[in-house]
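This note sets out some points for a colleague who is meeting this structure for the first time. Please read each one with the structure in view.

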Amino acid sequence: MKLKKLNSDKIVNVNVNKYKIDWDGKSASSLQKQVKDFLRQFWQGQIVCEEMRIPGSLYRCDFVNFNKNIVIEFSPGFHRSYHKFFHKGSRLNYLKQLRKDSAKELWCESNGFKFVDIYEEDLPHLDRQWFREKYQIEL
């Protein structure tokens, strides 16, 4: 798959088979696994990657659907506010996290993906209608 590198117009080939989703496998967290289990009913049989590395960086995208050009990130609570434990007692680490999240979203846009951010409080509400209303997308 040809994709732009992070913060660059340079296009590189990415071996998506390396990141192909294992629908029955583990995820980075139990909450991310809940998102994966929900998506399975809609995306199984499509070209979907999990924890795919963004070219030109060490950043990863939680879920990438190449058929629908959608990237879904699951963001636990510490992505939206400072938490002493998760940010190792440093507000600078929190700002770095915000910059990283923003860079991921810009990379998605530059590669023609719709970026969807799912937060922990969204989990009980996940259904087709939620995606339609919040992001104007069809799963």
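1. In this predicted model, four residues separate the strands in the hairpin of S4 and S5, and Asn-69 there takes a positive phi near 55°.

2. Strand S3 (residues 48-53) pairs with strand S4 (residues 60-65) in the antiparallel sense, over five bridges. Arg-53 has Arg-60 in S4 as its bridge partner. The hairpin of S3 and S4 has six residues between the strands, and in this hairpin Gly-56 takes a positive phi near 85°.

3. Five of the six residues of S4 are buried, so the strand is largely enclosed by the rest of the structure.

4. The overall plan can now be stated. The protein has three helices and six strands, and the pattern read along the sequence is β-β-α-β-β-β-α-β-α. Of the 139 residues in the protein, 44% are buried. Among contacts between residues at least 6 apart in sequence, 51% join residues at least 24 apart.

5. Which residues of helix H3 are buried? In this helix (residues 128-135), they are Trp-130, Phe-131 and Tyr-135. Seen down the axis of H3, these buried residues fall within an arc of 95°, so they line one face of the helix. They pack against helix H1 (30-43), strand S5 (70-75) and strand S6 (114-119).

6. Both ends of H3 have a local feature to report. At its start, a side-chain oxygen of Asp-127 reaches to within 3.1 Å of the backbone nitrogen of Gln-129. After the helix comes Gln-136, whose phi is positive, near 55°.

7. The aromatic residues form a topic of their own. How many aromatic pairs are there? With ring centres required to lie within 6.5 Å, the count comes to six aromatic pairs. Phe-38 lies in helix H1 and Phe-131 in helix H3, so the pair ties together parts that are 93 residues apart in sequence. Phe-38 counts as buried because its relative accessibility is 13%, under the 20% cut-off. Phe-131 also counts as buried, at 0% relative accessibility. Phe-38 and Phe-131 belong to one aromatic cluster with Phe-42, Trp-130 and Tyr-135.

8. The largest nonpolar core has 21 residues, of which Val-35, Leu-39, Trp-43, Ile-72, Ile-118 and Phe-131 touch the most other members. At least two residues of this core come from each of H1, S5, S6 and H3. The largest share, five residues, is supplied by H1. A second, separate core has 17 residues and includes Leu-6, Cys-49, Met-52 and Cys-108.

9. Leaving aside its neighbours within four places in sequence, Trp-43 is in contact with Trp-23, Val-48, Phe-63, Asn-65, Lys-68, Ile-70, Ile-72 and Leu-139.

10. The last point concerns a lysine in helix H1, Lys-36. Is Lys-36 buried or exposed? At 1% relative accessibility, Lys-36 counts as buried. A polar atom of the Lys-36 side chain lies 2.9 Å from the backbone oxygen of Asp-22. The side chain of Lys-36 also reaches the backbone oxygen of Gly-25, at 2.9 Å. Not counting residues up to four places away in sequence, Lys-36 touches Ile-21, Asp-22, Trp-23, Gly-25, Lys-26, Ser-27, Glu-50 and Phe-63.

Terms used: Residues numbered from 1 in each chain as written. Predicted model: local features only at pLDDT ≥ 70, side-chain atom pairs only at ≥ 80, totals over all residues. Heavy atoms only, no water. Buried < 20%, exposed > 50% of the residue type's maximum accessible area, 1.4 Å probe, protein only. Arc of directions from axis to C-beta. Contact = heavy atoms within 4.5 Å. Polar contact = N/O pair within 3.5 Å; in protein donor to acceptor, adjacent residues only side chain to side chain. Pairing = 2+ DSSP bridges. Phe/Tyr/Trp six-rings, centres within 6.5 Å; stacked < 30°, edge-to-face > 60°. Core = buried A, V, L, I, M, F, W, Y, C linked by side-chain atoms within 4.5 Å.
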